[in-house]
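Subject: Structure handover

Hello,

Here is the structure you will be working with. Please open it first, and then read the notes below it.

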Amino acid sequence: MRILSFEHLPSTQVYLAEQIRQNTIALPICVVAKVQSAGVGSRGCAWEQVEEGLTFSFAMKIRTLPHDVPKQSWSVYFGFLFKESLDNARVWLKWPNDLYLGGDKIGGVMSQMMRDTLICGIGLNLRAERYGALGIVDKDALLQRFLARVQERIGWSEVLEAYRLEFKAHHHGFFHHGELKVPLRDAVILEDGGLQIGEQVYYGAR
């Protein structure tokens, strides 16, 4: 996958979406920004720039991705692949799209579909005074490992099985559903990546 690097972008996700909308960029592609001044997080929140981080978005035609991934679960799918690429036993994926190191949030994943294309953005804090952070790693090597995993086209069932095992060890705390904080303690991960708590089923925003 071709990698396009920038010293500064307001948002890798917005940049890619605009290029795809205008049909001015060839896919697949990954866009990396050393500094991102207006990053987009989950639920429409801003993703604030930290002292050192890895921020990137990549885009692929949906037909080139595993056909069995539920459309609402792309963030779970890519988030888990990225977590595995970190090769750090203390990092886990909080449903549906937050990366944690122990009890501290250190990153996030967001995905969106545009016609026949899927765009996924990931932000990871490596050094931060006000937020959780992983610590300094070789960013280029990490990105290459992750993109290689993406291009392996690993099936959803394999990712889901591994994620369910991890989820059992980390089903504490809560997740946001609109303005509500929903406890995870009685949650069960469904086959399509949804979260069932009692009679209620929740889905992340892709």
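K61 and D116 form a salt bridge, with 3.2 Å between the closest N and O atoms. A salt bridge here is a side-chain nitrogen of Lys or Arg within 4 Å of a carboxyl oxygen of Asp or Glu. The two partners belong to distant parts of the chain, 55 residues apart: K61 is in strand β5 (residues 52-61), and D116 is in the loop between β8 (104-114) and β9 (117-127). Helices (H or I, at least four residues) and strands (E, at least two) are DSSP runs, numbered from the N terminus.

Before going further, note that this is a predicted model, in which local features need pLDDT of at least 70 and side-chain atom pairs count only at pLDDT 80 or more, while totals for chains, interfaces and linings use all residues. Residues are numbered from 1 along each chain as its sequence is written, and side-chain values use heavy atoms, with hydrogens and water left out.

Salt bridges

How many salt bridges are there by this rule? The count is 9. As background, side chains of opposite charge can pair when their charged atoms come close.

In the pair described above, K61 has a relative accessible area of 25% and is partly exposed. D116 is also partly exposed, at 40%. The cut-offs are under 20% relative accessible area for buried and over 50% for exposed, with partly exposed in between (1.4 Å probe, protein chains only).

A second salt bridge joins the side chains of R149 and E84, at 2.5 Å from N to O. R149 lies in helix α3 (residues 139-150) and E84 in helix α2 (residues 74-86), so this pair ties together parts that are 65 residues apart in sequence. R149 is partly exposed, with a relative accessible area of 23%, and E84 is partly exposed at 32%. E84 and R149 also belong to a network of salt bridges that includes E152.

Is D98 buried or exposed? D98 counts as buried, at 13% relative accessibility, whereas K105 is partly exposed at 32%.

D98 lies in strand β7, which covers residues 98-101. D98 and Y100 point one way from β7, L99 and L101 point the other way, and all are buried.

Strand β6 (residues 91-94) pairs with β7 in the antiparallel sense over 4 bridges; two strands pair if DSSP finds at least two bridges between them. K94 stands opposite D98, and a hairpin of 3 residues joins β6 to β7.

β7 also pairs with β8, antiparallel and over 4 bridges. Here L101 stands opposite D104. The hairpin between β7 and β8 has 2 residues, and G102 in the turn has a positive phi of about 60°.

Which residues have the most contacts inside the largest nonpolar core? They are F56, F58, F78, F82, F146 and L195, in a core of 48 residues. α2 gives the most to this core, with 8 residues. A nonpolar core is a set of buried Ala, Val, Leu, Ile, Met, Phe, Trp, Tyr and Cys residues joined through side-chain atoms within 4.5 Å.

F82 touches L54, F56, L99, I122, L124, L142 and F146, leaving aside residues up to four places away in sequence; contact means heavy atoms within 4.5 Å. Another core, of 11 residues, lies apart from the largest one, and L16, A17, I29 and V31 are among its members.

α2 is mostly covered, with 12 of its 13 residues buried. Among the buried ones are W74, F78, F82 and K83. The 13 residues of α2 should span 18 Å at 1.5 Å a residue, and this agrees with its end C-alpha atoms, which are 18 Å apart. The expected span of a helix is 1.5 Å times one less than its number of residues. D87 follows α2 and has a positive phi, near 50°.

The three-stranded sheet

An open sheet of 3 strands has the order β12-β13-β14, with antiparallel pairing. Its edge strands, β12 (188-189) and β14 (200-202), each pair on one side only. β12 and strand β13 (residues 195-197) pair over 2 bridges, and L195 in β13 is the bridge partner of I189.

Regards
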